[in-house]
Amino acid sequence: MGSESDLPVMEACTAELEALGVPYELVVASAHRNPDKVRDWSSTAADRGLCVIIAAAGKAAHLGGVVAAHTPLPVLGVPIKTSDLGGLDSLLSMVQMPSGVPVACLAINGAKNAAIFATQILGATMPRYRAAIVDLKADMAR
């Protein structure tokens, strides 16, 4: 997350990851205020065993792009709703990435879907996460 103020939105993400049995790291680091921390964390993420990164930020929302610039892992962006422009500023910052530095972008405040999408990505190669998604979809159909 870019700021501790993003935590109330991202609690939906952490709760869903826990429900799906997916371990995670939770880090607060601003692309603008802590660029060295962001670079160090994201450039070592794959070596630490992470497989997908969810980057949530509001306003200029450059966190996902900065992370994507420093990792070979897929990055999912969650634009956080802001009081200034309702999150549209965050959304547009995330979806306007230059060619070669993709960030998949979820809905404004789409933290729960980010957790589900990350689990689907993991499920492409890890059967336990695929099974968790199958179960989730079956529960939603009831």
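Analyst: What follows starts with the pockets and then goes through the helices and cores.

The model is predicted, so local features need pLDDT of at least 70 and side-chain atom pairs count only at pLDDT 80 or more, while totals for chains, interfaces and linings use all residues. Residues are numbered from 1 along each chain as its sequence is written, and side-chain values use heavy atoms, with hydrogens and water left out.

The largest pocket holds about 610 Å³ of space. A pocket here is an open set of points on a 1 Å grid over the protein atoms alone, where a 1.4 Å probe fits, with protein on both sides within 12 Å along at least five of seven lines; lining residues have an atom within 4 Å of a point. Its volume is the space filled by probe spheres set on the points, which are joined across faces, edges and corners. There are 28 lining residues, and Tyr 24, Glu 25, Leu 50, Val 52 and Ile 53 lie nearest the centre of the pocket. Two or more residues each come from helix H1 (7-20), helix H2 (35-43), strand E1 (53-57), helix H3 (63-69), helix H5 (111-123) and helix H6 (127-141). These elements are DSSP runs numbered from the N terminus: helices are H or I of at least four residues, strands E of at least two. H1 has the largest share of the lining, four residues. By type, the lining has 24 nonpolar, two polar and two charged residues. Nonpolar covers Ala, Val, Leu, Ile, Met, Phe, Trp, Tyr, Cys and Pro; charged covers Asp, Glu, Lys and Arg; the others, Gly among them, are polar.

The second largest pocket holds about 280 Å³. It is lined by 19 residues, with Ser 3, Asp 6, Ala 57, Gly 58 and Lys 59 closest to its centre. Its lining divides into seven nonpolar, eight polar and four charged residues.

H2 has Val 38, Trp 41 and Ser 42 as its buried residues. They are on the same side of H2 because they cover an arc of only 90° around the axis, the arc being that of the directions from the helix axis to the C-beta atoms. Buried means under 20% relative accessible area with a 1.4 Å probe and protein chains only; Ser 42 stands at 0% and therefore counts as buried. The buried residues of H2 pack against E1 and H3. Ser 42 itself touches Val 67, His 70 and Thr 71, not counting residues up to four places away in sequence; contact means heavy atoms within 4.5 Å.

Next come the cores. A nonpolar core is a set of buried Ala, Val, Leu, Ile, Met, Phe, Trp, Tyr and Cys residues joined through side-chain atoms within 4.5 Å. Of the 23 residues in the largest one, Met 10, Cys 13, Leu 20, Val 22, Val 78 and Ile 80 touch the most other members. H1, strand E2 (75-79), H5 and H6 each supply at least two residues of this core, and H5 gives the most, six. Apart from this core lies another, of 17 residues, including Val 38, Ala 55, Val 75 and Met 94.

Met 94 is also one of the buried residues of helix H4 (residues 88-95), with Asp 89 and Ser 90. Their arc is only 130° around the axis, which puts them on the same side of H4. What covers them includes E1, E2 and strand E3 (104-105).

Terms used. Buried means under 20% relative accessible area, exposed over 50%, partly exposed in between (1.4 Å probe, protein chains only).
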